[in-house]
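Q: Could you walk me through a few side chains in this one? I'm new to reading structures.

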Amino acid sequence: MPRALLSVLPLALTLLLPASAQRAVGPWAQFRGPGGQGVSADKGLPVTWSAAQNLLWKTDLPGAGTSSPVVLGDRIYVACYSGFGIPGQPGSGTDQLKRHLVCLDRQGGKILWKREVAAAGPEQERIREEHGYASSTPVSDGERLYVFFGKAGVFSFDLQGQQLWKASVGDRLNGWGSAASPLLFGNLVIVNASVESESLVALDRKTGKEVWRAGGIKESWNTPVLVTLPGGKTELVVAILGKVLGFDPATGAALWSCNTDIAWYMVPSFVASQGVVYGIGGRTAGGLAIRAGGRGDVTATHRLWTVRKGSNVTSPVLIGEHLYWIHENLGVACCVEARTGRLVYEERVAGAGQVYASPVAADGKIYYVTRGGRTLVLPAAPRFDLLASNDLGDRSAFNASPAVAGGRLLIRSDRALYCVGLK
C-alpha cells in the first residue's frame with residue numbers, strides 16, 4: 001500500500017469520530033485495524049518467535065472464541081465465550097452459554113476486568129467447524145466499546161466495563177454461527193445481521209436506537225467495509241450470495257450492485273484503495289475488483305476484473321500494487337496484480353494446514369496465522385519466500401485474526417492471548 005495511503009487511513013477513521021474521542025482511539029480499534037484493511041504502519045516487528053523466544057507475555061483467557069483483540073492505548077479488549085460448545089470440553093446445555101468482554105493491560109497482559117453476557121435462548125445447539133459463539137471483534141470510538149453477540153444482541157460498554165445499552169438486530173440462527181464485526185460511521189454503529197434478520201442495521205452510538213435497516217442481505221458473513229471515493233464521499237460495501245452491494249452508510253439507501261460470478265457466498269471481508277474494492281470468496285474460489293461510486297447494476301461498467309482464485313475464509317491484504325491472501329484449506333499463498341488481476345505467484349506453503357485467520361501486514365512482512373498455531377511470515381512483496389514458520393506450542397485452535405500495536409503482534413487462540421515482540 002502506498003505510504004500516502006497508509007498515513008491517510010488512520011486519519012480517515014479518526015475523522016469519523018467525535019473530537020472528544022479522537023485523542024483516545026488507538027491504531028487497532030476495530031476488526032483488521034485502520035479501515036478494516038489489515039495493514040499497520042508499525043515497525044520493528046519480529047520475524048521469528050516461539051514459546052521461549054520473543055514471547056513477551058501469555059495470558060489465559062476465560063473462554064474460547066474467534067474474536068480478534070482490539071487496542072486502545074494501554075488496554076486490549078477481546079470477546080470470549082464459556083459454558084457450552086468449548087472444543088474438547090463437555091457442556092450441559094446452551095442455557096449455560098456465556099459471552100465475556102475482557103480488558104487486559106497491554107504491557108503485561110494482566111486481566112483488568114471482564115463482563116459477562118448471558119445467552120438469549122434458545123441458542124444454536126452446534127456451530128459448525130467449531131467456530132464458536134464469540135466470533136465478532138469489538139470496535140471502539142475511544143469512549144465506548146461495541147460488540148455483537150448474534151441473537152443475544154449488540155452491546156455498548158464504557159471503557160470500565162459498564163454496560164450502557166443493548167439492542168436486538170434479529171433472532172434467527174444459523175449452523176455456521178454469526179461472524180461479522182460491527183464498524184463505525186459518524187454517530188452510527190453498523191452491523192451485518194444477515195444471520196439474525198437478513199439485514200444491515202445501523203444503530204445510534206449513544207442510545208442503541210435503530211436509525212436505518214436495509215434488507216435482502218442473504219448468506220453474508222463478511223464484515224462490511226467503508227470505501228472513500230475520489231472527492232471524499234463514502235460508501236458502505238458488503239457481499240451477499242452472488243453480488244456485491246454498495247450503500248449510503250448515513251441512510252442505508254441502496255446505491256449499486258455488481259455480480260460476482262462466484263457460485264457461493266463470500267465470507268472474506270473486502271479491502272479498498274482509491275475508490276476500488278477488492279474481494280475474494282466462495283467455496284469454488286474467485287476474486288474480483290470493482291470501482292465504487294456507480295449506480296444501479298454496475299457489472300458491465302464498474303467491474304474491473306475477475307479471477308478464478310481466492311479463499312473461502314481468509315480476507316486479503318492490499319500492499320502497494322498487489323493483493324495477497326492464502327487459501328483456507330490448501331495452504332496456497334497467492335499474489336495478484338491489483339490493477340489487472342494477473343496472477344503473480346501461487347505457492348503452497350509447507351506445513352500451513354488450514355488457515356481461518358485473516359492476515360496482517362506490517363514492517364514489510366505478511367503474517368498468516370494457521371489453525372494449528374503456526375504463524376507463517378512472508379515478504380510483503382510480489383515474490384514468494386517463506387521467511388519463518390513460528391510455533392507457540394499451543395495445541396488449541398487459532399481462528400482469530402491477529403492485531404498489531406506498538407511494534408507487537410497480538411495472537412489469540414482458544415486458550416490464551418499471546419504478545420509477541422522483539423526482546
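This is a predicted model: local features need pLDDT of at least 70, side-chain atom pairs count only at pLDDT 80 or more; totals for chains, interfaces and linings use all residues.

Q: OK, where is T299 placed?
A: T299 belongs to helix α4, which covers residues 299-302.

Q: And is T299 buried or exposed?
A: T299 counts as buried, because its relative accessibility is 15% and the cut-off for buried is under 20%.

Q: Which side chain does the side chain of T299 make a polar contact with?
A: The partner is D297, whose side chain lies 2.7 Å away in that polar contact.

Q: Leaving aside neighbours within four places in sequence, what is T299 in contact with?
A: With those neighbours set aside, T299 touches S257, C258 and N259.

Q: Switching to rings, how many aromatic pairs are there in the whole structure?
A: The search finds 12 aromatic pairs. One of them joins Y345 and F384 in an edge-to-face arrangement, with 5.7 Å from centre to centre and 70° between the planes.

Q: Where do Y345 and F384 sit in the chain?
A: Y345 is in strand β26 (residues 343-348), while F384 is in the loop between β29 and β30, so the pair links distant parts of the chain, 39 residues apart, and Y345 is buried at 6% relative accessible area, whereas F384 is partly exposed at 29%.

Q: Which residues form one aromatic cluster?
A: Y81, F84 and Y133 make up one such cluster.

Q: What sits over the ring of W264?
A: That is the charged end of R283, which lies 5.4 Å from the centre of the W264 ring.

Note on methods
Residues are numbered from 1 along each chain as its sequence is written. Side-chain values use heavy atoms; hydrogens and water are left out. Helices (H or I, at least four residues) and strands (E, at least two) are DSSP runs, numbered from the N terminus. Buried means under 20% relative accessible area, exposed over 50%, partly exposed in between (1.4 Å probe, protein chains only). A polar contact is a pair of N or O atoms within 3.5 Å; within protein, one must be able to donate a hydrogen and the other to accept it, and residues adjacent in sequence count only if both atoms are side-chain atoms. Contact means heavy atoms within 4.5 Å. Rings of Phe, Tyr and Trp (its six-membered ring) pair if their centres lie within 6.5 Å; planes under 30 degrees apart count as stacked, over 60 as edge-to-face and the rest as tilted. A charge sits over a ring if NZ of Lys or CZ of Arg is within 6 Å of the ring centre and within 35 degrees of the ring normal.
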